[in-house]
Amino acid sequence: MASSKLISCLLFLSSVAFLAQTVSSNYLYHFCSKSGNFTANSYYAQNLKNLLGDLYLKTPLTGFSTSSIGQNYDQTNGLSLCRGDVSSDNCKSCVLDASEELGKRCPYDKEAIIWYDNCLLKYSDKDFLGKIDNTYKFYMWNLRVVSKPEYFNAKTKELLGNLAENAYKKKNLYATGEMEIEENKKLNGLVQCTRDISNEDCKKCLDGIITELPSCCDGKEGGRVVGGSCNFRYEIYPFINTP
């Protein structure tokens, strides 16, 4: 069972050149909670199937959706979120990929979560909607180290803090931006929250994961802290999709 302190630290082994070319729907990580199981022909199984179909249809319209299907012990609750710069078509394909992949990786778990570059998908028999998820979280980072780590760390924290301040005031709880750190060199950042939590909880969630920068990405050229309710990413190269 995953605990509130469970963090999986993943090495971001790829080079900048490779990362820039990686398909945006790339699988990142997942958790199977092991807190409860269901059987293949149960009411819960049918409700989960209907829930995933509902999320697949609804999410691409705005980039976010929640759903609850069934009652009592057979009720399943879910949400899916696409990155704010992802097209509707790519959002739809990512949610479908996430649904199918969770079915393979966590076939009979009542609670599971999966992340791709383009989206996240979570479902549970518990009513988690509207609450900050501090249970599921992981780190990713680039192995390359900057030449001036203290300066770079301060600039990264400043950029992400500014983006968090911007994002929580927005309806879609999403913000991107850049900051010049050297001549002809810019730091790029992204922050996002799931839209089931309040604006104030979005700010609280982002502020919390930004404090984890020293544990995650001290002096690294790029990094992410990715959770069930919010995430950030920064890189020294452009990674945001532009219209």
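A residue is called buried when its relative accessible area is under 20%, exposed when over 50%, and partly exposed in between, with a 1.4 Å probe and protein chains only. Cysteine 82, at a relative accessible area of 3%, is therefore buried. The model is predicted, so local features need pLDDT of at least 70 and side-chain atom pairs count only at pLDDT 80 or more, whereas totals for chains, interfaces and linings use all residues. Residues are numbered from 1 along each chain as its sequence is written, and side-chain values use heavy atoms, with hydrogens and water left out.

Cysteine 82 forms a disulfide with cysteine 91, the sulfur atoms lying 2.1 Å apart; a disulfide is a pair of cysteine sulfur atoms within 2.5 Å. The torsion about this S-S bond is about 85°, which means that the disulfide is right-handed. Cysteine 91 is also buried, with a relative accessible area of 1%.

By this rule the count comes to 6 disulfides. Another of them joins cysteine 32 and cysteine 106, with sulfur atoms 1.9 Å apart. Here the torsion is about -75°, so the disulfide is left-handed. It ties together distant parts of the chain, 74 residues apart: cysteine 32 belongs to strand E2 (residues 27–32), and cysteine 106 to the loop between H3 and strand E5 (112–116). Helices (H or I, at least four residues) and strands (E, at least two) are DSSP runs numbered from the N terminus. Cysteine 32 is buried at 18% relative accessibility, as is cysteine 106 at 0%.

Aspartate 85 sits in the loop between strand E4 (76–82) and helix H3 (88–105). Its relative accessibility of 14% is why it counts as buried. Leaving aside residues up to four places away in sequence, aspartate 85 touches Tyr174, Phe239, Ile240 and Asn241, where contact means heavy atoms within 4.5 Å.

Elsewhere, helix H4 (residues 149–167) packs with helix H5 (residues 199–210) at an angle of about 170°, their axes 9 Å apart. Axes are lines fitted to C-alpha atoms, for helices over the stretch in contact, and angles run from 0 to 180 degrees between N-to-C directions. H4 and H5 are therefore roughly antiparallel to each other; angles under 35 degrees count as roughly parallel, over 145 as roughly antiparallel, 65 to 115 as roughly perpendicular and the rest as oblique. Among the residues making the contact are Leu160 and Ala164 of H4 and Leu206 and Ile210 of H5.
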